[in-house]
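Let's take a friendly walk through this structure together. Have a look at the sequence and the fold, and then read on.

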Amino acid sequence: MKYFALIITLFFINFNQKTDRLTGRYNYLIEDDNTYVQKDKITFKDSVFSFDNKYLPKGKVSYGNVILLDNFINTDLIISISKDQIEKDTIPFFMHDKKSTSANYLDEVVGKGKLVRIK
């Protein structure tokens with residue numbers, strides 16, 4: 001009987017845990033002159049993302065204190081997302097250039113945008 005209670009307890013603990021990964025499909029919008037322009041759709045699966053546009057390369061997602069999307073549109077562009085934003089339907093992000101002149105390229109923002117969940 002105590003094993004049955006233990007199994008049920010573990011089941012509810014795992015069932016109530018929130019995901020800390022990006023999953024699903026999103027529209028991505030880039031800010032241009034204080035307006036947001038929709039560019040394409042993006043799909044997240046595990047630690048990989050891909051665009052609906054077949055000519056754009058797949059990229060990798062790194063999960064840490066800040067979520068980083070590497071190889072976004074081109075090899076020099078990286079996207080940073082605050083970890084507390086991933087459960088929302090609209091996720092703001094910042095773009096960084098790997099060829100930046102600053103010591104840490106994540107300190108210099110070259111653009112921003114939003115990911116909007118497609119339901």
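## Aromatic rings in the interior

Phe-44 is buried, at 3% relative accessible area, where buried means under 20% relative accessible area, exposed over 50%, and partly exposed in between, with a 1.4 Å probe and protein chains only. Before going further, please note that this is a predicted model, in which local features need pLDDT of at least 70, side-chain atom pairs count only at pLDDT 80 or more, and totals for chains, interfaces and linings use all residues. Residues are numbered from 1 along each chain as its sequence is written, and side-chain values use heavy atoms, leaving out hydrogens and water.

How many aromatic pairs does a search of the whole structure find? The search finds 8 aromatic pairs. Rings of Phe, Tyr and Trp (its six-membered ring) pair if their centres lie within 6.5 Å; planes under 30 degrees apart count as stacked, over 60 as edge-to-face and the rest as tilted. Tyr-28 and Phe-72 make an edge-to-face pair, with 5.3 Å from centre to centre and 70° between the planes. This pair links distant parts of the chain, since Tyr-28 belongs to strand β1 and Phe-72 to the loop between β5 and β6, 44 residues apart. Tyr-28 counts as buried at 4% relative accessibility, and Phe-72 counts as buried at 0%. Phe-44 and Phe-49 have ring centres 6.0 Å apart and planes at 50°, so their pair is tilted. Phe-49 is also buried, with a relative accessible area of 0%. Ring pairs join Tyr-26, Tyr-28, Phe-44, Phe-49, Phe-51, Phe-72 and Phe-93 into a cluster.

## The barrel around them

Now for the strands. Helices (H or I, at least four residues) and strands (E, at least two) are DSSP runs, numbered from the N terminus, and two strands pair if DSSP finds at least two bridges between them. Here 8 strands close into a barrel in the order β1-β2-β3-β4-β5-β6-β7-β8, with antiparallel pairing. The twist averages 30° from one strand to the next, taken between axes that are lines fitted to C-alpha atoms, with angles running from 0 to 180 degrees between N-to-C directions.

| Strand pair | Bridges | Opposite residues |
|---|---|---|
| β1 (residues 24-32) and β2 (residues 35-45) | 9 bridges | Ile-30 and Val-37 |
| β1 and β8 (residues 111-117) | 5 bridges | Asn-27 and Val-116 |
| β4 (residues 59-62) and β5 (residues 66-70) | 3 bridges | Lys-60 and Asp-70 |

β4 is joined to β5 by a hairpin through 3 residues. The hairpin of β5 and β6 has 6 residues between the strands, and Asn-71 in its turn has a positive phi of about 70°.

## The nonpolar core

A nonpolar core is a set of buried Ala, Val, Leu, Ile, Met, Phe, Trp, Tyr and Cys residues joined through side-chain atoms within 4.5 Å. The largest one has 20 residues, of which Leu-22, Phe-44, Leu-69, Phe-72, Ile-81 and Leu-115 touch the most other members. At least two residues of this core come from each of β1, β2, β3 (48-51), β5, β6 (77-82) and β7 (90-97).

Which residues does Leu-69 touch, not counting those up to four places away in sequence? With contact meaning heavy atoms within 4.5 Å, the partners of Leu-69 are Leu-22, Phe-44, Phe-49, Lys-60, Val-61, Leu-77, Ile-78, Ile-79 and Ile-81.

## Two lysines

Lys-98 lies in the loop between β7 and β8 and counts as partly exposed at 31% relative accessibility. Lys-98 and Leu-77 are 21 residues apart in sequence, and their C-alpha atoms are 6.3 Å apart in space. Leaving aside residues up to four places away in sequence, Lys-98 touches Asp-70, Thr-75, Asp-76, Ile-78 and Tyr-105.

Lys-114 lies over the face of Tyr-36, at 4.6 Å from the ring centre; a charge sits over a ring if NZ of Lys or CZ of Arg is within 6 Å of the ring centre and within 35 degrees of the ring normal.
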